[in-house]
Amino acid sequence: MIRSMKKILFFLVLMSLCAGLFVTSCDDGLESETNVELGGIDDAGSGNEEIDDEQTPPSTDGVQTQKKGPMTLSLSAVTPTTATFNTLLDVEQMADYQEAGFIYSTIDEMDIEATHVSKVRITREMSSTKLKQLLRATEYYYTIYLCKNGVYMYGETQGFVTPPFDSNLSVDGTANCYIVDRKGTYSYYATEGNSDVPMRDIASVSVLWESFGTSIAPLVGDLIKSVSYADDYITFQTADTFKEGNAVVAAKDDAGNILWSWHIWLTDQPLGQTYYNNAGTMMDRNLGATSATPGEVGALGLLYQWGRKDPFLGSSSISSETTAKSTISWPSPVSSNSGNGTIEYATAHPTTSIKRNDVNYDWYYTGSSSTDNSRWQSSKTIYDPCPAGWRVPDGGDDGVWSKAGFDDTTYDSINEGISFSISSPSITWYPASGCRSSLDGGLVNVGDSGYYWSASPNSDSSYYAFRLSFSSSGGVYPSSYNYRASGFAVRCARE
């Protein structure tokens with residue numbers, strides 16, 4: 001009962017302060033709480049901070065702990081792109097304060113009104129806060145802040161350095177795709193996509209294919225030279241000389257059947273780009289691309305059938321339909337029927353394209369005009385091909401490209417694509433990467449048209465899903481649609 005009364009007193013005090021019982025300057029000019037970017041980090045309230053309620057007191061035996069007034073702050077974990085803080089507020093002491101929290105920055109100057117400082121306000125008695133999208137190999141500074149009688153006060157300035165990389169690729173979340181930007185030995189939790197349940201019955205693992213995405217054929221081991229499985233984790237080692245490209249690793253059962261497969265994307269870390277009208281934050285490149293530069297073949301990336309997690313090769317040229325070289329001969333496409341047009345078949349045959357059927361015009365066979373819309377969704381599914389923290393974007397009239405105002409823009413016939421105007425940076429490059437036909441899986445329209453899948457089905461017709469499309473002859477269509485058996489590019493959106 002006493003504990004409950006303390007909580008009630010604490011929140012009554014906060015409510016009275018918000019109502020203006022204490023008139024102070026503590027909230028004057030603090031745009032940093034909601035609208036600051038710090039070296040690519042969006043501040044609180046933008047989706048890059050997670051604050052969780054704690055039913056039991058979080059540990060304050062972290063890497064570093066400090067206490068000032070009613071607040072105890074503990075840094076409990078640091079990864080290449082995240083930092084986790086645990087906080088405790090003393091309810092009785094908090095009655096004397098108007099506000100409490102912590103601030104952080106890449107600059108060693110802890111002034112809450114400085115534009116380089118980001119602020120996290122704490123209102124719960126116990127909480128855990130994870131800062132996301134931090135920069136790798138970067139020094140950060142932080143401290144407690146308190147507001148009492150209209151005056152800010154600060155705790156001791158402490159710091160931490162994010163490591164350049166973490167060998168556990170799934171530390172920030174599981175996915176069907178993992179990004180590697182330097183040579184080394186890496187591991188990831190062997191789960192189905194973004195689930196948290198480890199796979200069972202894995203007898204062996206192997207690299208299915210490797211590709212530079214160019215006309216140069218790699219040798220086996222040019223990208224990944226070894227792979228193994230133990231204790232629910234798959235571990236692989238890159239080549240001694242790091243090379244950019246793509247590979248797929250598969251887990252198999254005793255009979256050699258593929259249970260699941262994962263895309264290993266070897267490239268420099270993709271950047272987030274902000275689109276107009278709060279449409280969202282998108283990657284600076286196509287999924288599987290090793291470049292975001294106009295005119296480079298590395299910007300084309302890979303191609304995906306709607307609702308499938310596994311990629312197919314794009315072109316080795318920005319202007320012709322010449323499939324990029326890889327370490328395997330790819331199997332011929334198969335027809336969609338009750339045997340081949342299933343999730344189970346697609347999962348067990350990640351290199352086989354499934355042609356559309358004549359009933360629902362999908363690779364997914366139902367025997368009727370209906371289909372399954374749950375393979376890709378606004379809420380990330382286990383079949384989503386994007387890395388952790390990213391997903392296939394929404395499409396249609398309410399989708400990212402429509403909201404961002406993508407419309408008729410001059411086609412770049414030299415570099416084969418379109419530079420669209422966005423909020424930050426000023427432009428983003430979309431190459432005309434063509435597609436794989438839903439009829440036969442063949443590569444078509446490279447250097448002439450760009451097609452980009454969304455996760456949104458067309459509610460007016462079960463045959464189609466929404467996409468972005470454009471062509472060299474003119475016309476940009478942010479909410480066009482097409483058959484789901486087509487193989488289009490994917491531009492991932494930040495979750």
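Begin by selecting T381, which lies in the loop between α3 (343-348) and β23 (390-391); helices (H or I, at least four residues) and strands (E, at least two) are DSSP runs, numbered from the N terminus. The model is predicted: local features need pLDDT of at least 70, side-chain atom pairs count only at pLDDT 80 or more, and totals for chains, interfaces and linings use all residues. Residues are numbered from 1 along each chain as its sequence is written, and side-chain values use heavy atoms, with hydrogens and water left out.

**Around T381.** Is T381 buried or exposed? T381 has a relative accessible area of 11% and is therefore buried (buried means under 20% relative accessible area, exposed over 50%, partly exposed in between, with a 1.4 Å probe and protein chains only). Display N194, S374, R375 and W376 next: T381 touches these residues, not counting residues up to four places away in sequence. Contact here means heavy atoms within 4.5 Å.

**Helix α3.** Move to A348, which is placed in helix α3. A348 counts as partly exposed because its relative accessibility is 25%.

**Strand β7.** Select residues 99-105, which form strand β7. Seven of the seven residues are buried, so the strand is largely enclosed by the rest of the structure. Both faces are covered, with E99, G101, I103 and S105 on one side and A100, F102 and Y104 on the other.

Centre the view on G101: its bridge partner in β10 is Y145, and its bridge partner in β8 is R121.

**Strand β11.** Proceed to V151 in strand β11 (residues 151-154). V151 is partly exposed, with a relative accessible area of 48%. Show Y97 as well; V151 and Y97 are 54 residues apart in sequence and 9.9 Å apart in space, C-alpha to C-alpha.

**Cavities.** On a 1 Å grid over the protein atoms alone, a cavity is a set of points where a 1.4 Å probe fits but cannot get out, and lining residues have an atom within 4 Å of a point. Grid points are joined across faces, edges and corners, and a volume is the space filled by probe spheres set on the points. The count comes to three cavities of 30 Å³ or more.

The largest cavity has a volume of about 120 Å³. To find it, select F212, G213, N246, G288 and G301, the closest to its centre of the 16 residues that line it. Its lining has seven nonpolar, nine polar and no charged residues (Ala, Val, Leu, Ile, Met, Phe, Trp, Tyr, Cys and Pro count as nonpolar, Asp, Glu, Lys and Arg as charged, and the others, Gly among them, as polar).

The second largest cavity holds about 60 Å³ of space. Select G307, R308, K309, D310, I343, A346, T347, W363 and Y383 to display its lining, which divides into four nonpolar, two polar and three charged residues.

**Confidence.** Finally, colour the chain by pLDDT, the predictor's confidence in each residue, from 0 to 100. The mean is 89, and 87% of the residues reach 70 or more. Over residues 27-47 the pLDDT is below 50. Where pLDDT is low, the predicted coordinates should not be read in detail.

Key: Pairing = 2+ DSSP bridges. 1 Å grid on protein atoms, 1.4 Å probe; cavity = no way out; pocket = protein on both sides within 12 Å on 5 of 7 lines; lining within 4 Å.
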